[in-house]
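Here is a short report for a reader new to this structure. Please keep the sequence and the 3D view open while reading.

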Amino acid sequence: MHAQPDHSPLSRRGFLAASAAAGTLLGLAPGPARAGTRPRPFGRYGSPAARRDPKTLYVHPDGAGDFTTVPDAVAAASGTGYTLVIAPGVYRQTVAVDPGRTGMTWIGASEDPWDVVIVYDNAAGTPKPGGGTHGTTGSATTTVQADGFTARWITFANDWLRADHPDVTGTQAVALKVQGDRSAFHHCRFLGHQDTLYADSMALGTVARQYFSHCYAEGDVDFVFGRATAVFDRCHFRTLSRTDLAAAPYGFVFAPSTAGAHPLGYLVTRSRVSSEAPDGYYKLARPWVPSSDTTARPMLTVRNTWLGPGIDAVAPYTNMRDAHPWQSMRFAEYRNTGPGAVVSVPENRPQLSASQAASHTRAHYLGDWRPCA
């Protein structure tokens, strides 16, 4: 059930502390980065001299590949069906995959997401060079709009910190915004604080199916949010502690914004929610009804998942706005375990029946799409 069994959880703050000790911008693990010490930086995925096929491109920060940056590799991959094999390293850059680059795959060459990190530090309130601020969408380190995108063994991070910018009020800082249909992420990590993972769609009337398998996501406020039809299968969600707040709640794990006309929103299954914050300081979810879609009916089903003591078991859901109470939305649970799953006030924890749960499965949410494991 644990998403990343090979490493103990290391929060983004720990990530930064480890890197400071190592004298680098961002640590990949408790110790120096390993990018320069691997004799085969692209692992079992070939090399520019032994290219797997013409549509496989290699990225290496020190020049051993076709490109030294991920954005340059994406720009060269015009069309469909390209694969980017990315060598270990910290890639401090913003990346965008536009709708025309369909069927793209990114592979972390070491097959360990701690080794390949794509990171930047924009927030919603960060000033843009030409004036104005980035806004939530513009803060994303990586934006994926193309259909059929797959990523394996990569860390997507946004290391903007509130404490470093007390004058900034727009504290949303997205690590990944994904909008394409048939988007799959396997063994990936998503590091941030507020609005870490934006699982969304390209337009209000567009359904975007997304699948997250064996992934790890951490944050504090609404750190998994958006209107996609998204399945989180055997993932690990970790809530962070906060020094800027004196009382609960510190934040919310999920904030879906499912369109009212869409039958399916977020499904969390066979996963776990842990916390570095005090017991009961986090809500499991709150509904996001955007001003651009006041008819949204956010949907979240959490089933067969372990909820740690960080979740407020008595009242795990709350309102984002009183005009849109969570009770009128589509929130439900089924056979969850752990101290955060104890049902002491039944009206605060809607439960599915066995017959209802039969339609809340990966296969039902993803339809005719079967992402590879």
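Ten residues form one aromatic cluster: Trp106, Phe149, Phe156, Phe185, Phe190, Phe212, Phe232, Phe237, Phe254 and Tyr266. Rings of Phe, Tyr and Trp (its six-membered ring) pair if their centres lie within 6.5 Å; planes under 30 degrees apart count as stacked, over 60 as edge-to-face and the rest as tilted. This is a predicted model, in which local features need pLDDT of at least 70 and side-chain atom pairs count only at pLDDT 80 or more, while totals for chains, interfaces and linings use all residues. Residues are numbered from 1 along each chain as its sequence is written, and side-chain values use heavy atoms, with hydrogens and water left out.

The structure holds 21 aromatic pairs. Two of them are set out here.

| Pair | Centre to centre | Angle between planes | Type |
|---|---|---|---|
| Trp106 and Phe156 | 6.2 Å | 25° | stacked |
| Tyr198 and Trp288 | 6.3 Å | 55° | tilted |

Trp106 lies in strand β5 (residues 105-108) and Phe156 in strand β9 (residues 155-158), so their pair ties together parts 50 residues apart in sequence. Strands here are DSSP runs of E with at least two residues, numbered from the N terminus. Trp106 and Phe156 are both buried; buried means under 20% relative accessible area, exposed over 50%, partly exposed in between (1.4 Å probe, protein chains only).

The other pair also links distant parts of the chain. Tyr198 is in strand β13 (residues 197-199) and Trp288 in the loop between β22 and β23, 90 residues apart. Tyr198 and Trp288 are both buried.

A charge meets a ring elsewhere. Arg189 lies over the face of Trp114, at 4.2 Å from the ring centre. For this, NZ of Lys or CZ of Arg must be within 6 Å of the ring centre and within 35 degrees of the ring normal.

Next comes the core. The largest nonpolar core has 68 residues. Such a core is a set of buried Ala, Val, Leu, Ile, Met, Phe, Trp, Tyr and Cys residues joined through side-chain atoms within 4.5 Å. Trp106, Phe185, Phe212 and Phe237 have the most contacts inside the largest core. A second, separate core of nine residues includes Tyr211, Met299, Leu366 and Trp369.

Leaving aside neighbours within four places in sequence, Phe237 is in contact (heavy atoms within 4.5 Å) with residues including Phe223, Phe232, Phe254 and Arg272.

Now the sheet. Seven strands form an open sheet with parallel pairing, in the order β4-β7-β10-β13-β16-β19-β22. Two strands pair if DSSP finds at least two bridges between them. β4 (95-97) and β22 (282-285) stand at the edges with a single partner strand each, so one side of each has no neighbour in the sheet. Three bridges join β4 to the parallel strand β7 (residues 142-144). Val95 has Thr142 in β7 as its bridge partner.

Strand β23 (residues 299-303) pairs in the parallel sense with β25 over five bridges. Arg303 stands opposite Tyr334 in β25. Strand β25 (residues 330-334) is mostly covered, with five of its five residues buried. Arg330, Ala332 and Tyr334 point one way from β25, and Phe331 and Glu333 the other way.

Is His262 buried or exposed? His262 counts as buried, because its relative accessibility is 7%. His262 sits in the loop between β19 (251-256) and β20 (266-269). Not counting residues up to four places away in sequence, His262 touches Leu204, Gly205, Thr206, Val207 and Arg330.

Key. Helix = DSSP H or I, 4+ residues; strand = E, 2+ residues; numbered from the N terminus.
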